[in-house]
Amino acid sequence: MHQLGLMIDMNKCIGCKTCVVACRNHHGIVDHENCMPGEIPFYIRVESLTEGTYPLVSEHCWVVPCQHCKNAQCVKACASEAIVKDPQTGIVRIDADKCAGSKACIEACPYNVIQFDAVRNKAHKCDLCHDRVVAGEIPVCAEVCMTDAISFGEVEMLRQTALDQGREIDRKKSAMSIVYLKPTPKNTLAGV
Amino acid sequence: MVQDGWHPTVCYQCKAECAILAKVQDGRVTEVKGNPKYGGKACVKGMAGVTLQYAKDRLTKPLKRVGERGEGRFEEISWNEAFDIIEEKLRSLYDRGEGHKLTYSFFPHSLTDPKWHFLNAYGGYINTGLPHCDSGKIVSEIKCWGGIPNHHIPPAWFTMPKDGIILLVGRHAFGCLDDACVPRDIMEAMDRGAKLIVVDPIFSPDAAKADWWIPIRPSGDTALFLGMIHHIIENDLYDKKFVEEWVREGDFDKVKAHVKDMTPEAMSAICDVPADDIRRLAVMCAEAPAVGVDGFKSIMLGQALDFGHAWSIFLAITGNLDNPGGQPIPELTPLSPVEPQPPGPPPLNEMGFHRTGPNRDAFRNYSFIMEPTWYEAQAIKDGSLKILLVTEANPALTEMGSKEWQKAVCMKDANGEYMLEFLLNTDIMLSETAKYADLVLPDQTHFERYELLYMPWWYNFGHGVLLRQPLVKAPGEAMHSNLVFIEIGKRMFPEYFQFKDDVEYYDIQLKGLGLSVEKLKAMGGKWSPGTMGFRKYRDGGFGTPSGTVHLYWEDLEEVGQQLPRAILAPEYDADVEEYPFIMISYRRIHINGTGPWSSNNAQLRDPASGQSTNPAILNPAAAAKLGIGDGDTVTIKSRTGELRMPVRLTEHIRPDCVGIMHGFGATVGRVAAGAGHCDNELIPDAGSHLEWQDLIGGEAHVSTRVRITR
């Protein structure tokens, strides 16, 4: 097992979106001179869920990057064999030179995380900062996260860490290479 | 300008000014991250600074108004012509002996800003470009324990011990107007066992992480704290040792008598927090090893000085001054003065000028050193504000009563001359304020300019100064406002401007630390021994005249504010039937504490990475009674304004409130124009209804009563 991945601690994600902007900057996917809101690609997104009614309310946030799936649907869908699951790291990467721009991967991805560059006619997405991790650094999102809600490592070790901390993994959010730690209940003193 | 690679500098996407590293590649800034030597975090605004840097909207040449103020029509001029115009206008007022009728609205970066040096030479006044967001707290801390008169000093959360209490009262600490390390520090304190309690009418991202969200009635904070103080005293839960040793003799008894009838039940009726909850919170705080309180919006929701006072008494009687996790009391970093030092303007309370002009009596007890922005419109009308300089602020949009401000700057006298003789705006891009300016000067971003920064709230990381340094070239002819006013200073007051440029000015200040800009640069742009010092008062007492903590303010006896009043802001108690909701103006991280450069930043207005719109938020239960559905367009009407805007239903807000996120409604800018709605349309100009203002604490409200109809 060589799979690298991220662990998202839903106790700590505050939904600030710092990771989104840092990721875009690092991967050079923003046309700073001309970009307009709603037109900028993103490799990671933030989602949130509110439960309960006033005043017993709770809200949780989490980030959704490429899940670097075990049997990635995008790999299977790509007729030009441009998408490869790296045997050393488990990172799913798109080879831009081979990408024919069919968008089949985008349709196949159950997590809706693949972007399309219409100008270059290429699909592109999170590669877990492959260039950084092979040089011994951690992915940008994990480095910049304001609350250290994102950690990086071999998935088996991340799961072990969760176990050691007595935390429960949310397998509904992902059973792939992104480990989501269920939030512990908040606002517990309200209405006591 | 610099070699490729990561360079230390300081963010200015907002007023927090976090230490960052910026990556430069082929002469362009490409990435930003937190500087590990100073906490190591930067927020989403800081990251999006790269988009600001290369935005098409950047100003590149000086612009002179053609046509009327407000039309926004300009012609490009040379810097020489711009300097001549500024000099002529400023000399004209100064030579008439009316230098005190000039106000400069800028963020002062402590006393290290050369613009402040110019202002002192001229004899004009400063406001911070903010509605004095926390001056009530500052004034109360000065009066109570002789605190440092500069902005808010939040607790150093990383010093919070196990089982300590983090009490955020109307303070959106995760919104990064404090340092970007604050959310991480709070989370880590919680990992150690500290409790996070958030008191706020709105369920903020902080509340989402809290152990307890207390959705208080807006401006009920003073009552909440007085109820807690009552319970703590009546049940002998106060820190007797601290009170005996360090509270001025007699003051505690006066507080005890004052709160005698302020029972949790009585205070509950005012603040709408259940009495049992007031008692429970009081006991938790009294028993905790440390309590840190930070507040911001609370004091802007009204009665700022009363709340600051109640909060200060609470900290003192629970022994939470200058202790780990409690309220820090900073010392000043020993910088050197730039000699000769200009004398500065006459004390505000000695002058019959704009703040105190026609309302001089009402303001006679006002003691803070800066002017409230909200009085500008009134000051223009009464002829006591003649020149307004604005740098990196946008009063035409972002201040309450902005419509009144726009009207005032366009008013003319009998001769057809503008009553405000000169309005100068320096900024990175055009703003609403620029539309009214006579001259607009292209400013430089934080990646292009030098600044020596010394912020007391960095005290959280120990004493320190940081260097902002140019990493890339500015576009066109953009020039930093500091250099503009050093040039004007040299022309008008050469005796006070005997230094070459900004770098030499900072070199002089750094002599106090045995440093220079070059040395500081070589050290990685940071000087700090990392010391805070706890309970420093044990060595020399507090900074008050008696050296002890003053809970009772005899100087305010004549206005009945010698001890905090348990009242809601009068504005909220009036016209309840006609305007049943309180509109709360709230902030989120993406444009918190920023200027036009952030509301016009594509990444910060992008739906994936920022905040693209600002529908009014309303509780579903309240909406159901009005027959309003999610996404409906409603009319929100206040006593002075009206907005037609979409509504989003959410459990995140009290049913008697409606929330509008601040920072939207811009009319200028490729990205910002036309997006969202401006909360200030609803908020009256504070100077036009002084009877509802806190004339001692200096706050203007950021909220008001409204009616909602379909």
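## Strand β13 of chain B

In this predicted model, strand β13 (residues 422–427) of chain B has 6 of its 6 residues buried, so the strand is largely enclosed by the rest of the structure. Buried means under 20% relative accessible area, exposed over 50%, and partly exposed in between (1.4 Å probe, protein chains only). Strands (E, at least two residues) and helices (H or I, at least four) are DSSP runs, numbered from the N terminus. Phe422(B), Leu424(B) and Thr426(B) point one way from β13(B), while Leu423(B), Asn425(B) and Asp427(B) point the other way, and all are buried.

β13(B) pairs with strand β12 (residues 387–391) of chain B, the two running parallel and joined by 5 bridges; two strands pair if DSSP finds at least two bridges between them. Leu423(B) is the bridge partner of Leu388(B). Strand β14 (residues 439–442) of chain B also pairs with β13(B) in the parallel sense, over 4 bridges, with Leu439(B) in β14(B) opposite Leu424(B).

## Basis and confidence

Residues are numbered from 1 along each chain as its sequence is written, and chains are lettered from A and ligands numbered from 1 in the order in which they are written. The model is predicted, so to speak of local features needs pLDDT of at least 70, side-chain atom pairs count only at pLDDT 80 or more, and totals for chains, interfaces and linings use all residues, while side-chain values use heavy atoms, with hydrogens and water left out.

Chain B averages a pLDDT of 92, and 97% of the residues score at least 70; pLDDT is the predictor's confidence in each residue, from 0 to 100. For the complex the predictor gives an ipTM of 0.97 and a pTM of 0.96.

## A four-stranded sheet in chain B

In chain B, 4 strands form an open sheet with parallel pairing, in the order β10-β9-β8-β11. β10 (212–214) and β11 (291–295) of chain B stand at the edges with a single partner strand each, so one side of each is left without a neighbour in the sheet. From one strand to the next the twist averages 15°, where axes are lines fitted to C-alpha atoms, for helices over the stretch in contact, and angles run from 0 to 180 degrees between N-to-C directions.

Strand β8 (residues 165–169) of chain B pairs with β11(B) in the parallel sense over 5 bridges. Gly295(B) in β11(B) is the bridge partner of Val169(B).

Helix α1 (residues 18–27) of chain A is mostly covered, with 9 of its 10 residues buried. Among them are Thr18(A), Cys19(A), Arg24(A), Asn25(A) and His26(A). Gly28(A), which follows α1(A), has a positive phi near 60°.

Tyr104(B) lies in strand β6 (residues 102–105) of chain B and counts as buried at 0% relative accessibility. Its C-alpha atom is separated by 27 Å from that of Val517(B), 413 residues apart along the chain. Ser268(B) lies in helix α11 (residues 264–271) of chain B and counts as buried at 16% relative accessibility. Ser268(B) and Ile216(B) are 52 residues apart in sequence and 9.7 Å apart in space, C-alpha to C-alpha.

## Pockets

The largest pocket has a volume of about 950 Å³. On a 1 Å grid over the protein atoms alone, a pocket is an open set of points with protein on both sides within 12 Å along at least five of seven lines, a cavity is a set where a 1.4 Å probe fits but cannot get out, and lining residues have an atom within 4 Å of a point. Grid points are joined across faces, edges and corners, and a volume is the space filled by probe spheres set on the points. The largest pocket is lined by 40 residues, with Ser110(B), Leu111(B), Trp116(B), Asn120(B) and Gln341(B) nearest its centre. α4(B) gives the most to this lining, with 4 residues. By class the lining has 25 nonpolar, 14 polar and 1 charged residues; Ala, Val, Leu, Ile, Met, Phe, Trp, Tyr, Cys and Pro count as nonpolar, Asp, Glu, Lys and Arg as charged, and the others, Gly among them, as polar.

The second largest pocket has a volume of about 810 Å³. Of the 37 residues that line this pocket, Ser48(A), Glu59(A), Arg588(B), Gln611(B) and Arg648(B) are the closest to its centre. β2 (45–53) and β3 (56–64) of chain A, and α7 (205–208) and β21 (642–649) of chain B, each supply at least two lining residues. The lining divides into 16 nonpolar, 14 polar and 7 charged residues.

## Cavities

The count comes to 15 cavities of 30 Å³ or more. The second largest cavity has a volume of about 170 Å³. Of its 14 lining residues, Gly170(B), His172(B), Asp200(B), Lys297(B) and Arg587(B) are the closest to its centre. The lining of the second largest cavity divides into 5 nonpolar, 4 polar and 5 charged residues.
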